[in-house]
Structures are given as structure tokens and as C-alpha cells.
Amino acid sequence: MRLSPARLWRYRIYRYRLVGVRCRSCNRRFYPPRPRCPYCGSKDLDLVELPRRGVVETYTVIHSVMEGFRQYAPLILAMVRLEDGTRVLAPLTDVDPSEVSTGMCVEATVRRVAEDGEKGLIAYGIKFRPCLW
């Protein structure tokens with residue numbers, strides 16, 4: 001997998017912070033950021049920092065992982081409802097698949113998501129881990 005330094009730099013805000021969008025028209029928040037509100041279609045949007053804690057609403061465990069991500073298998077993908085109600089689809093980390101359950105408290109953390117060979121660029125992104133409290 002070839003990683004572009006320019007692309008990593010352009011998307012650094014979204015990779016290192018949990019940033020979503022608030023629509024000024026309908027006041028709803030959503031993630032990931034998009035140019036239009038998926039609820040009312042407005043373009044009048046603000047970037048907002050989203051809460052870092054939430055609960056697992058549902059999840060799936062993927063055992064057959066595509067090339068480039070096999071070191072992360074099995075991959076646990078969860079729909080996380082944040083404290084403000086925003087839903088985020090993200091991988092879980094630092095947890096065994098047998099320990100995951102709906103209603104489980106999780107918090108956002110920055111982790112490695114891809115690498116460009118042994119000596120190439122490393123990309124980081126948001127994953128969720130079980131709450132430490």
C-alpha cells in the first residue's frame with residue numbers, strides 16, 4: 001500500500017482528532033464530515049470536536065481481512081453512540097472479540113491504521129478502546 005505524504009497531511013485533523021460537523025440549519029451532528037447535511041441538505045455547517053466517550057450499539061468481527069490490514073485480524077468494527085448522540089462507525093482496539101458487548105463503554109484513541117512497508121510512512125487514525133474507568 002502506497003501512502004501519500006500530502007494526503008496524510010491534508011487529512012491530519014480528521015486522523016488525529018474526533019471531528020464531526022454540526023448543521024446550523026437543523027442543529028444535528030454527524031460523522032464523518034461531509035459537504036452537506038445528510039438530514040436537511042444544508043451547506044451551512046461547522047466543524048465541531050465530538051465527545052471522546054460513547055457506548056457500543058452494535059458490532060461485528062471480521063476474520064477475513066484484506067491485504068495490508070491482516071496484522072489487525074480479527075478486526076472488530078463497532079457502531080459507537082457518543083455522549084452527544086452522534087454515531088460513529090470505527091474499529092475497536094485493545095479488546096478481545098469475546099469481551100466486546102453492546103452497551104460497553106468505549107473512548108476514542110489514536111492508533112496506527114496503515115503503514116507503507118517496513119521503512120515507509122505510518123498512518124494513524126481514530127479507534128475506540130474500552131473505557132479505563
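Trainee: What makes the link between the side chains of T86 and D84 a polar contact?

Mentor: Bear in mind that we're looking at a predicted model. The side chains of T86 and D84 come to 2.9 Å from each other, and a polar contact needs N or O atoms within 3.5 Å. So the pair passes the cut-off.

Trainee: Why is T86 called buried?

Mentor: Its relative accessibility is 3%. Buried means under 20%, so T86 counts as buried. You'll find T86 in the loop between β5 (75-82) and β6 (87-92).

Trainee: Which residues does T86 touch, leaving out those up to four places away in sequence?

Mentor: That would be R29, F30, Y31, L50, V80 and R81.

Trainee: And why is A73 called partly exposed?

Mentor: A73 has a relative accessible area of 35%. Not counting residues up to four places away in sequence, A73 touches H63 and V65.

Trainee: How do you know that β1 and β2 pair?

Mentor: Two strands pair if there are at least two bridges between them. β1 (residues 19-23) and β2 have two bridges, in the antiparallel sense, so they qualify.

Trainee: What makes β2 and β3 the edges of their sheet?

Mentor: The open sheet has three strands, ordered β2-β1-β3, with antiparallel pairing. β2 (29-30) and β3 (45-49) each have a single partner strand, so one side of each has no neighbour in the sheet.

Trainee: Which residues touch the most other members in the largest nonpolar core?

Mentor: Of its 19 residues, those are L18, L82, L92, V106 and F128. The elements giving two or more residues to this core are β5, β6, β7 (105-115) and β8 (122-130). β5 gives the most, four residues. There's also a second, separate core of five residues, including V21, C23, F30 and L45.

Trainee: Which residues does F128 contact, leaving aside neighbours within four places in sequence?

Mentor: Quite a list, including L18, R52, V80, L82, V88 and V106.

Trainee: How do you know that the charged end of R28 sits over the ring of Y39?

Mentor: Distance is one part of the test: the charged end of R28 is 3.6 Å from the ring's centre, and the limit is 6 Å. The charge must also be within 35 degrees of the ring normal. R28 and Y39 are listed as such a case.

Key:
Residues numbered from 1 in each chain as written. Predicted model: local features only at pLDDT ≥ 70, side-chain atom pairs only at ≥ 80, totals over all residues. Heavy atoms only, no water. Buried < 20%, exposed > 50% of the residue type's maximum accessible area, 1.4 Å probe, protein only. Polar contact = N/O pair within 3.5 Å; in protein donor to acceptor, adjacent residues only side chain to side chain. Contact = heavy atoms within 4.5 Å. Core = buried A, V, L, I, M, F, W, Y, C linked by side-chain atoms within 4.5 Å.
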